[in-house]
Amino acid sequence: MIKKIFIKTYGCQMNEYDSDQISNLMGKMDSYQSTDQVEDADLVVLNTCSIREKAEDKVYGQLGRLRELKNKKPSMKIAVGGCVASQEGENIIKRAPYVDLVFGPQTLHKIPSLLKENERVGSAQIDISFPAIEKFDQLPQAKSNGPSSYVSIMEGCSKYCSFCVVPYTRGEEVSRPAEDIIEEILRLTQQGVIELNLLGQNVNAYRYKDKKGFEYDFAELINLISEIDEINRIRFTTSHPNEMNDTLIECFQNNHKLANFIHLPIQSGSDRILSAMKRNYLYLEYKQIIKKLKAASPNILISSDFIVGFPGETDQDHQQTIKAIKEIDFDYSYSFLYSARPGTPASYLKDSTNEEIKKNRLQEIQNLINEQGKNHTHALMNSEQRVLIDEKVDEITFKGKTDNNRIVEIKTKQDILNQMVKVKVTKTTNRRISGELI
Ligand code: SAH
Ligand code: F3S
């Protein structure tokens, strides 16, 4: 009988990438087939996120529901991976004794052996260690499911912002060898991939020295990758302001495969808060980077992360963030209320701002950025955009994305599915546009 695996993914793109790897691995090693019906699963994997408290609560809520399923079907195995697993370890088994496996972001390649051991001895198995970069050597070859693919190029973070759990849950920055990355990309191109999204918690902290002693930084890696003819467009996420060197900024001018868009987390526009967050830059320094990026590529759009209501954030700090949003003219945001994370330095800071005020600040930030985003969309009218078509809606309707993440609808009799096309924008609404093939 073919066994079935159900994977639920929480949080960031890294986790999405890891979940694809898990499904690929279990398919190859133990012939598991993916299912989206949790009741049918022999193995349920929760790939968890602990970036904010709410994300973590969801995991324990889901585990409660799985317990009932497992009561009805005792052969079902439950595995918990990702950042909650990494942070909580054995505590997961204490809180949810029906869980069979706990693995971390760096040990997902061990699921098959942990599962065997669990079956042999009948007790829960835990491995949340950080064995450098070995997981990449042990995972099966990459598989794509469309014209665009994620490729993880580095893992972890060594920045230790005062509010953030990532350095503790995912470990310090480790870069993959450039040769391995190129090999993975070549394999993906054989499966029709023409767009890459290079992933890392701090993707532009990429550093690698090859056997001949040549040192690659992130810009050099991008330039190397763009020599692969089949690759038409390159994106990356998430980058850190302190790793935006001039060669990387020049890529936006000289390397036409690079998408004309960047996600660059700012977190706050107030130097006082940035310093308490240990971000290690001033607002003016951030602004300077953006100025250079806009000089290198005048139509570039910028998205960002914001934390609202960091301990001690005053109305004046908030006004500085509002000013920054207008000056930088951000296009999009991932903005959330600050959430105290156990064990982080910021979790010891006193905070007296009331929740209502914080929620209003968040709303103000989101409304402002939404408006700016709409204006950017309208400004695309009649422009020429590069669009990767990844969906065929019906015989003559296709959908795809521009460099700056607008969803485009195109009507044409040609079959353009999975192709990169040039489009003239004929209609704009909010974050969507329509266009015609050029
Ligand atoms: N490496 C990225 C961020 C990764 S975490 C960087 O350069 O900053 C993704 C986002 O989650 C962060 O940018 C931050 O905005 C948010 N975040 C992290 N810890 C948080 C916390 N304790 N409360 C609220 N938001 C948080
Ligand atoms: Fe977190 Fe700061 Fe790193 S937000 S992922 S510690 S750059």
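Okay, let's start with Tyr334, which you'll find in strand S16, the stretch covering residues 332–337. Before I go on, keep in mind that this is a predicted model.

Together with Tyr332 and Phe336, Tyr334 makes a nonpolar surface patch of about 280 Å².

Now over to the cysteines. The UniProt record, an unreviewed entry, puts the annotation "binding site" on Cys12, Cys49 and Cys83. Those three span 72 residues in sequence, but no two of their C-alpha atoms are more than 10.5 Å apart, so they gather at one spot.

Take Cys49. Where does Cys49 sit? In the loop that runs between strand S3 (43–48) and helix H2 (53–72). Cys49 has 10% relative accessibility, so we call it buried. What does Cys49 contact, if we skip neighbours within four places in sequence? Tyr10, Gly11, Asn15, Ala55, Glu56, Cys83 and Val84. Notice Cys83 in there, another of the annotated cysteines.

And Cys83 itself? That one is in a helix, H3, residues 82–88. Cys83 comes out at 8% relative accessibility, which means that Cys83 is buried as well. Leaving out residues up to four places away in sequence, Cys83 touches Cys49, with Thr48 and Ser50 on either side of that cysteine in the chain, plus Pro105, Thr169 and Arg170.

Methods. Residues numbered from 1 in each chain as written. Chains lettered and ligands numbered in written order. Predicted model: local features only at pLDDT ≥ 70, side-chain atom pairs only at ≥ 80, totals over all residues. Heavy atoms only, no water. Patch = residues over 30% accessible without salt bridge, like charges linked within 9 Å, V, L, I, M, F, W, Y side chains within 5 Å. Areas by Shrake-Rupley, 256 points an atom, 1.4 Å probe, with all protein chains shown as cover. Salt bridge = Lys/Arg side-chain N within 4 Å of Asp/Glu carboxyl O. Helix = DSSP H or I, 4+ residues; strand = E, 2+ residues; numbered from the N terminus. UniProt positions renumbered as here; feature names shortened; annotations may be inferred. Buried < 20%, exposed > 50% of the residue type's maximum accessible area, 1.4 Å probe, protein only. Contact = heavy atoms within 4.5 Å.
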